[in-house]
Amino acid sequence: MFFENVKNALLAISANKMRSILTVLGVMIGLAAVIAVVSLVQGMQYQISSQLENVGATYVSVAPDFSSARGNPFLPVPELTYDDAVAVRRGATAVRDFTPLFIANAALKNGDTHHDTTLRGVNQSFPDVVKQYVDHGRFFGTLDEEAKKRVCVLGSEAARQLGLTDAVGKEIRMDDNNFTVIGVMEKRGSTLGNDPDDVIYIPFATAQMLYGPDRMTHLPIALQVKTRDDIDLAKEQVTDILRARHHLKKGQPDDFQITSQEELMKTISTILNTTTGIMGAVVGIALLVGGIGIMNIMLVSVTERTREIGIRKAIGARRYDVLIQFLIEAVTLSGFGGIIGIAGGYGGAALVRLFLKRWLELPPVHTPLWAIVLAFTFCAILGIIFGIYPAAKASKLDPIEALRYE
């Protein structure tokens with residue numbers, strides 16, 4: 001009986017194709033908008049999470065907390081220096097290794113090719129701390145640091161922009177200085193305009209010599225903790241060491257921030273999930289409009305098929321049978337809108353990403369299985385909610401009156 005009702009529903013829908021399409025248009029548009037939003041946001045979350053996971057769960061960053069001095073000219077700007085980083089490495093038993101991070105803009109030149117990129121002054125432990133290694137050549141070592149050599153390692157995108165297919169051993173110019181390329185880093189992939197591959201790495205000691213000590217007083221520090229279980233211990237040890245070095249009294253707030261990778265992933269996930277929920281709720285209003293359209297057309301269908309209902313009831317159809325027939329028709333109608341909406345939403349998200357690619361580097365769209373299941377479930381519920389009244393009205397018709405209807 002169920003499959004017979006589905007067959008009748010398909011026949012009723014195909015008998016009025018244009019009316020059926022216009023009926024589910026609101027559902028199609030609403031669901032397509034929801035799926036497009038979810039696909040874009042989840043694509044961002046998927047790629048960001050993948051990149052954070054590449055760094056590892058034992059990665060911890062320390063940075064000056066500039067908010068502690070914001071708006072108060074009498075408070076000194078918080079400092080975090082290379083000596084602080086060395087003290088943390090020596091005193092924190094839970095920390096395996098560290099690297100300071102000096103970040104600046106750099107103008108690169110290779111022959112007649114110019115390219116502006118990001119400079120990072122790091123030490124030899126950088127690859128082990130951030131879990132990103134050299135693809136070609138080598139990373140600089142202790143001897144390069146001690147000798148303050150003018151050697152560099154390029155990100156894959158920076159090497160491409162400079163037209164260096166075989167970069168190792170080539171001389172390039174950075175600002176007013178010549179550097180020898182000794183390696184090219186493995187590719188990580190960009191997210192939301194932030195490209196970790198478009199970068200040049202130089203020894204931290206070389207950066208100190210070129211840029212001077214005055215620009216080395218607000219350095220972020222990247223730490224690699226020994227084990228995942230040591231993260232809380234490492235944060236306590238780092239806090240104690242830095243508070244002592246910064247002469248912070250009891251009760252004074254920290255002038256630095258410590259963030260673990262897990263905390264960062266949770267924060268990003270919370271923000272993106274909240275964004276998904278809010279935007280999904282807003283565009284979900286279109287689904288409500290679509291549901292009202294389904295109820296309206298089902299009421300029209302009941303009126304048009306009054307004699308059919310009368311005949312069915314006259315030959316023995318129960319009230320329940322008529323109710324189920326029209327309810328299945330409403331759910332089928334809504335389901336068709338859901339299928340087209342899901343496909344259209346994914347395609348729309350892909351087109352938006354393609355259109356914005358010129359100005360904004362978006363990650364590939366990612367439609368999770370739960371979003372598709374939820375969309376189909378919502379369409380079924382929508383069909384039931386807005387189909388129940390027309391179905392109930394049809395089931396209550398008196399067969400004698402229905403047969404007299406013209």
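Reader: Which residues does Asp144 touch, leaving out those up to four places away in sequence?

Author: Asp144 touches Arg138, Lys149 and Val151, where contact means heavy atoms within 4.5 Å. This is a predicted model, so local features need pLDDT of at least 70 and side-chain atom pairs count only at pLDDT 80 or more, while totals for chains, interfaces and linings use all residues. Residues are numbered from 1 along each chain as its sequence is written, and side-chain values use heavy atoms, with hydrogens and water left out.

Reader: OK, and where is Asp144 found?

Author: In helix 6, residues 142-146. Helices (H or I, at least four residues) and strands (E, at least two) are DSSP runs, numbered from the N terminus.

Reader: Is Asp144 buried or exposed?

Author: Asp144 is buried, at 4% relative accessibility. The cut-offs are under 20% relative accessible area for buried and over 50% for exposed, with partly exposed in between (1.4 Å probe, protein chains only).

Reader: What lies 2.9 Å from a polar atom of its side chain?

Author: The backbone nitrogen of Gly141.

Reader: Switching to rings. How many aromatic pairs does the structure hold?

Author: There are 7 of them. Rings of Phe, Tyr and Trp (its six-membered ring) pair if their centres lie within 6.5 Å; planes under 30 degrees apart count as stacked, over 60 as edge-to-face and the rest as tilted. Tyr82 and Phe204 have ring centres 5.1 Å apart and planes at 20 degrees, so they are stacked.

Reader: Which parts of the chain does that pair link?

Author: Distant ones: Tyr82 sits in helix 4 and Phe204 in helix 8 (residues 204-211), 122 residues apart. Tyr82 is partly exposed, with a relative accessible area of 29%, whereas Phe204 is buried at 1% relative accessibility.

Reader: And which residues do ring pairs link into a cluster?

Author: Phe126, Phe139, Phe140 and Tyr201.

Reader: Now the sheet. In what order do its strands run?

Author: The order is 2-10-1-11, in an open sheet of 4 strands with antiparallel pairing. Two strands pair if DSSP finds at least two bridges between them. Strand 2 (95-100) and strand 11 (256-260) are at the edges with a single partner strand each, so one side of each has no neighbour in the sheet.

Reader: How many bridges between strand 2 and strand 10?

Author: They pair over 5 bridges, strand 10 being residues 221-225. Asp97 stands opposite Gln224 in strand 10.

Reader: Which helix lies across strand 2 and strand 10?

Author: Helix 4 (residues 82-91), running at about 170 degrees to strand 2. Axes are lines fitted to C-alpha atoms, for helices over the stretch in contact, and angles run from 0 to 180 degrees between N-to-C directions. Helix 9 (residues 231-245) packs on the sheet as well, touching strand 1 (59-64), strand 2, strand 10 and strand 11.

Reader: What about the core? Which members of the largest nonpolar core touch the most other members?

Author: Val27, Leu31, Met298, Ile309, Phe326 and Ala394, out of 27 residues. A nonpolar core is a set of buried Ala, Val, Leu, Ile, Met, Phe, Trp, Tyr and Cys residues joined through side-chain atoms within 4.5 Å.

Reader: Where does the largest share of this core come from?

Author: Helix 14 gives the largest share, 7 residues. Ile309 touches Val302, Val322, Phe326, Ala394 and Leu397, not counting residues up to four places away in sequence. There is also a second, separate core of 24 residues, including Ala159 and Leu164.

Key:
A polar contact is a pair of N or O atoms within 3.5 Å; within protein, one must be able to donate a hydrogen and the other to accept it, and residues adjacent in sequence count only if both atoms are side-chain atoms.
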